[in-house]
Amino acid sequence: MNNKIFPKVFMWMSIGLLVTFLTGIYTSTNVDALEVIFNKSGYWILLIIELGLAIFLSARIHKMSPTTAKVCYLLYTFFTGLTFSSIFIVYKIESIMLIFLVTAILFLIFAIIGKTTKVDLTKISTILLMALLGIIICTIINIFLQNSTFDMILSGISVLIFMGFIAYDIQKIKRLEGWINQDNLAVIGAFELYLDFINIFLDLLSLFGDSKD
C-alpha cells in the first residue's frame, strides 16, 4: 500500500485551517459581526451548528457524495472561524503565529509517529476517548468553579490526549485506505486531523498565549 491518500488528506486539512483562520481574522475586524456572534444567543447558536455539522459529518460521511462531504467540512471550518475571531481580539498576532508554528511542529512529529510505528494504536484509542470524556466533564465543572490552575492542568492534559489522537488518526487513515471511497476518506481524515490540530492550538494558546494589553 502506497498511502497515496495522505496528500489529499493534508491538502483538505490545510484548506480547512486556512478557511478557519481567514474567517477569524476578517470577522475580528467587523464590529457588527462580532456583536451578532458574541451575544449570548448568537454564540450558542454557532456552537449548536458546529456540533450538528460535526455529528452529521462523522455519522454520514460514508454515505455522502464526495461533494456533499466537502461542503459540510468547509461549512464546519467556516463556522469554527467565526468563533475563532475572539482569539485575534484577545491575543497578540505574534503570539498566535508562534503557537501555530509550535502546534504544526508537534503535529508533524506525531503524524510521522502514526505513519511509521508498527504498534497497533487501536489499543490506546479507548484510553484516549475515556481521557477526553474526562476532560470534557472536568471542563464543564470548571465553568462553575472558575479555577484558573485547574484550567491550566486540563489544557496540558488535553494537549497530550490530542497528540495521541494525531498518531492514532494517521494510522487509522492508513488502515482504511482501499476500503472507503478515496475522496470521502480524504475529507473525514482531514476533518479528524483538523480537530486534533485546532484543539492542541487552542490549549497551547490558553497556556502560553500573550494577551493584548
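**Close-up 1. Aspartate 210 and its salt bridge to lysine 92.** With a relative accessible area of 39%, aspartate 210 is partly exposed in this predicted model. Its partner is lysine 92, and the closest N and O atoms of the salt bridge are 3.5 Å apart.

**Close-up 2. A salt bridge between lysine 172 and glutamate 192.** The count of salt bridges comes to two, and here the side chains of lysine 172 and glutamate 192 meet at 2.9 Å, N to O. Lysine 172 belongs to helix α7 (residues 148-176) and glutamate 192 to helix α8, so this pair ties together parts that are 20 residues apart in sequence. Is lysine 172 buried or exposed? Its relative accessibility is 17%, so lysine 172 counts as buried, the cut-off for that class being under 20%.

Close-up 3. Alanine 54 is found in helix α3 (residues 40-60). At 16% relative accessibility, this alanine 54 counts as buried.

**Close-up 4. Phenylalanine 21 meets phenylalanine 100.** There are 16 aromatic pairs in the model. In this one, the ring centres of phenylalanine 21 and phenylalanine 100 are 5.2 Å apart and the planes stand at 85°, so the pair is edge-to-face, a class that asks for planes over 60 degrees apart. Phenylalanine 21 is part of helix α1 (residues 5-28) and phenylalanine 100 of helix α5 (residues 93-116), so the contact ties together parts that are 79 residues apart in sequence. The two partners fall in these accessibility classes: phenylalanine 21 counts as buried at 12% relative accessibility, while phenylalanine 100 counts as partly exposed at 29%. Both rings belong to one aromatic cluster, formed by Phe6, Phe10, Phe21, Phe84, Phe88, Phe100, Phe107, Phe197 and Phe201.

**Close-up 5. Tyrosine 76 against phenylalanine 191.** Which helices does this pair tie together? Tyrosine 76 lies in helix α4 (residues 66-90) and phenylalanine 191 in helix α8 (residues 182-208), so the pair links parts that are 115 residues apart in sequence. The geometry is edge-to-face, with 5.3 Å centre to centre and 90° between the planes. Tyrosine 76 is buried at a relative accessible area of 10%, and phenylalanine 191 is buried at 2%.

**Close-up 6. Helix α4 and its bend.** Follow α4 along to leucine 82, where the helix bends by about 35°. How does the span of α4 compare with what its 25 residues should give? At 1.5 Å a residue the helix should span 36 Å, and its end C-alpha atoms are 37 Å apart, which agrees.

**Close-up 7. A nonpolar surface patch that includes leucine 101.** Leu98, Leu101, Val102, Ile105, Ile109 and Ile113 make up a nonpolar patch on the surface, and together they have about 500 Å² of accessible area. Among them, leucine 101 lies in helix α5. Leucine 101 counts as partly exposed, at 48% relative accessibility.

How values were computed:
Residues are numbered from 1 along each chain as its sequence is written. This is a predicted model: local features need pLDDT of at least 70, side-chain atom pairs count only at pLDDT 80 or more; totals for chains, interfaces and linings use all residues. Side-chain values use heavy atoms; hydrogens and water are left out. Rings of Phe, Tyr and Trp (its six-membered ring) pair if their centres lie within 6.5 Å; planes under 30 degrees apart count as stacked, over 60 as edge-to-face and the rest as tilted. Helices (H or I, at least four residues) and strands (E, at least two) are DSSP runs, numbered from the N terminus. Buried means under 20% relative accessible area, exposed over 50%, partly exposed in between (1.4 Å probe, protein chains only). The expected span of a helix is 1.5 Å times one less than its number of residues. The bend at a residue is the angle between axes fitted to the seven residues ending there and the seven starting there. Patches are made of residues with over 30% relative accessible area and no salt bridge: like charges are joined within 9 Å, nonpolar side chains (Val, Leu, Ile, Met, Phe, Trp, Tyr) within 5 Å. Accessible areas come from the Shrake-Rupley method with a 1.4 Å probe; for residues, only the protein chains shown count as cover. A salt bridge is a side-chain nitrogen of Lys or Arg within 4 Å of a carboxyl oxygen of Asp or Glu.
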